[in-house]
Amino acid sequence: MNKQQLAAKIWASANKMRSKIEANEYKDYILGFIFYKYLSDQEVEFAKNQGMSEKEIAALSENDADTVKYIKKELGYFIAYDDLFSTWLNAGSDFDVSDVRDALSAFARLIHPNHKKLFDGVFDTLQTGLSKLGENAAKQTKAISDLLQLIKDIPMDGKQGYDVLGYIYEYLIEKFAANAGKKAGEFYTPHEVSLLMSEIVAHHLKDRENIEIYDPTSGSGSLLINIGSSVAKHVNDKNNIKYYAQELKANTYNLTRMNLVMRGILPNNIVTRNGDTLEDDWPYFDENDPMGSYNPLYVDAVVSNPPYSQQWDPEHKENDPRYARFGLAPKTKADYAFLLHDLYHLKPDGIMTIVLPHGVLFRGGEEGKIRKQLIEQNHIETIIGLPANIFFGTGIPTTILVLRQKRTNTDVLIIDASKHFLKVGKNNKLQASDIKRIADTVINRETHPKYAKVVSKQTIRDNDYNLNIPRYVDASIEAESWDLHATMLGGIPEKEINQLDGYWQAFPDLRNTLFTKTSSDYSQLKIAADALNKTIKQHPQVKAFTQDFLTAFTGFDDYLKKELITPFMDRADQQGQSLNSKINIAQQEAVLSTELFTRLKPIALIDKYQAYQLLDNSWQTIATDCEMLQSEGFAVSKQVDPRMVSKKVKGKDAEVQDGWMGHILPFNLVQRTYLNDELHALKQQENRLAEISAEFETLLESLSEEEKEADTIKESNDGFVNAVVIKAAKKFKAEIKTNGAFGNADQESYEAKILNVDALISEEKKFKKSLKADSEALHLQTKTTIENLSDEQVHELLELKWISPLLAELNKLPDDLINQLTRQVQHLADKYATTYGDIANDIQESEKELASLIDALEGNAFDKQALAEFKLMLNAEL
């Protein structure tokens, strides 16, 4: 299975296994064991690379001082063979929770002094939490054994260049955050927010050779790592990036260290601290040599998502260099304390991004004074308003502030992205297109109506340094208004037709084709509703627009094949273990999007970010496949894997094989392409089974109630009749054999229907048996077909899987736009089609009809008196 499937499987099992343990706690246990497995496997791999045999690895122990010293020097730690993760697995029923306790204690002892800060105490949370996994040693052992089995398949041997381990680790952190409620904010920044901040920072740093980045409230380290990954796309050597992290909570601090180490970052490039950022600031120094190791920390980028509006202690901090220039944040809200801390640690040409609640943009008092100074000294570069409910555990709206130490321009870019999101469950989520729209606007410093505006310093001064986004960018959706004249007398107001001005600019003559003026201010639609869409599509300017779109994308399929398929055509060896050329997966989507935007540039009306979302949707599949093809070898394109499913076996959940599945190529795609005749034959059988079911239902409904109540016809578990019908059918067949016919030969007779049902049952059994056999045969034939594909056939299938769906979605864009115009025009026509006068006439006619019916009503004297009064009221209305 690919990394997404493996991650989802591990999460599903882990979420079930944690039982009553809080998600926020259980994450520390499973992630701790994953990290231990990583360190354990790394040592085994290192030993093998040093030429050690399996026997020599099995002899690794603390007693071999020279080997211990050597491995500690190279890796920073040593794990004896008896304490390896793989040894725990091989122990089977002999494994015990005490093995884990002993191993973690030994690990703490055997850390190299140079790596003390990196590894010391990293397993403390796991070690102290083992007792929570069960009420006694036996139950703890069982819980840990289940965990070990769950994570044993995560590859950590370095062959998977696409970072399966890192993906699964991030996936689990996100899932635990979604289930941790308000505590999620302590350790997790949503991946999409991290990506957005990463793109902004990476663009600023893209031309630098050596880069230092810092997160003073690092949580799990995800934000810092995403920043590093984005920056790494633009540098020659990712080892030129140094990571600084500080975190207050010990268990979360451990997550930061684990996450950084497992991403393959060099130990010397990881500097972490467990401390209170506001109380215990860098500069960093070694406690054993404070003068000799003093190192003021100024970095290229600071990124942070600090706790929102928490209390802090500003006492005796007036002379703290972080705050001396701007003042102290109020005691009840530390938001600006974190912001000023981040700003202080920037190099003169550095950049910072910080997530804070909207209140920092407009609150007064000390915060207002700080904000004024930041604006006057040109530190605030960009403000991005995010959608509400985007963070786990809080629904408050947040903002990303981008600040610089030194910059030449004095204006501020303000973006309101609060309306751009996708609703996912209870939370809102930034899509890839939302992220790119924001990042492009920031990088290009663009003004867009109802979205973004570059605001001068003087305008901000005129607003008393209040940066509340709606003061500068009105992104509100206008409420629909109703024209009084059109409501009373009919017609479509010109001002409402003008709201579709974007279409009329693209199709100047279309407006006159659709509307005819009834006065200077009102028009009417002159096309019938059922002909509206066709009229629009057949208009010469609309047809020219569609043709321009198709022309713009002429050859796009060839371009995509060159970029995505060609690199897999020139392989270094026939076994497909390596490639002469590779796709740079980290950068390829950006390359494709540049080409996409270039082709869309001359095309009016089409939202390029909508097209980008289609590209990104396809890219998720393409990237996953490319990662496997490039790291595992081209031969895996012809690989078929067992399809494992969870089933109850002897009352217990177990994984069993249920057929096969393509490692890269889906069975249904291969069948549609190379086994279509067999697939069609199966489809015909399935259709006939559906017809049999429908025919049976029709026969059943045609029976009288007496015949149904005779208990002759009953529905069985599979939806058809039971043995009683078969018994009755045998009786009637015997009668036919004896007499040549029933007593009643009418085809609508009860006996005929029973025989028809009997025939349907026989036919159904035949088709079910045949369908099952043919389905199994096609399944095995598909397996064989994939395993025997030629390289050229693989290339064709990859094109059908990767490129064809994307082209199909892109080609829908013109039609979607035209259909949207049709709906908007039809809405205008429908809106004023019925006037108030029409409604009044309808009411009057209904009242007349009601009045005429009153005379026919009967009742006692009181009823008649009431009806007479009611009639008078109606007549008065008429």
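Predicted model: local features only at pLDDT ≥ 70, side-chain atom pairs only at ≥ 80, totals over all residues.
**Exercise 1. What covers the buried residues of helix H24?**

Residues are numbered from 1 along each chain as its sequence is written, and side-chain values use heavy atoms, with hydrogens and water left out.

Step 1: pick out the buried positions. In H24 (residues 556-565), Phe556, Tyr559, Leu560, Glu563, Leu564 and Ile565 are buried. Buried means under 20% relative accessible area, exposed means over 50%, and partly exposed lies in between (1.4 Å probe, protein chains only). Helices (H or I, at least four residues) and strands (E, at least two) are DSSP runs, numbered from the N terminus.

Step 2: recall the helix geometry. With 3.6 residues a turn in an α-helix, residues three or four places apart point the same way.

Step 3: look for the cover. It includes helix H25 (585-600), helix H26 (608-632) and helix H32 (791-811), where contact means heavy atoms within 4.5 Å.

**Exercise 2. Work out how strand E4 is placed among its neighbours.**

Step 1: check burial. Six of the six residues of E4 (residues 299-304) are buried, so the strand is largely enclosed by the rest of the structure.

Step 2: take one neighbour. Strand E1 (residues 211-215) runs parallel to E4 and is joined to it by two bridges; two strands pair if DSSP finds at least two bridges between them. Ile213 has Ala301 in E4 as its bridge partner.

Step 3: take the other. E4 also pairs with strand E5 (residues 346-357), in the parallel sense, over five bridges. Here Val299 is partnered by Leu346 in E5.

Step 4: follow the chain. From E4 the chain goes through helix H14 (residues 335-344) to E5, and this β-α-β crossover is right-handed. That label applies if, with the strands pointing away from the viewer, the path from the first strand over the helix to the second runs clockwise.

**Exercise 3. Trace the pairing from E5 to E7 and on to E6.**

Step 1: E5 and E7 (residues 398-404) are antiparallel, with seven bridges. Thr353 stands opposite Val402 of E7.

Step 2: E6 (residues 380-385) is antiparallel to E7 as well, through five bridges. Thr382 has Val402 as its bridge partner in E7.

**Exercise 4. Find the salt bridge between Glu376 and Arg461 and say what the pair ties together.**

Step 1: apply the criterion. A salt bridge needs a side-chain nitrogen of Lys or Arg within 4 Å of a carboxyl oxygen of Asp or Glu. For Glu376 and Arg461 the N to O distance is 2.9 Å.

Step 2: Glu376 lies in helix H15 (residues 365-376) and Arg461 in helix H17 (residues 457-462), so the pair ties together parts that are 85 residues apart in sequence.

Step 3: Glu376 is partly exposed at 26% relative accessible area, and Arg461 is partly exposed at 33%.

Step 4: zoom out. The whole structure holds 48 salt bridges. Arg208, Glu212, Asp300, Lys347 and Asp349 are linked in a network of them.

**Exercise 5. Which residues form the nonpolar patch on the surface, and which helix gives the most to it?**

Step 1: Patches are made of residues with over 30% relative accessible area and no salt bridge; like charges are joined within 9 Å, and nonpolar side chains (Val, Leu, Ile, Met, Phe, Trp, Tyr) within 5 Å.

Step 2: list the members. Leu484, Met488, Leu489 and Tyr836 make the patch, with about 460 Å² of accessible area together. Areas come from the Shrake-Rupley method with a 1.4 Å probe; for residues, only the protein chains shown count as cover.

Step 3: assign them. Helix H18 (residues 484-489) gives the most, with three residues. Tyr836 sits in helix H34 (residues 836-854) and is partly exposed, at 48% relative accessible area.
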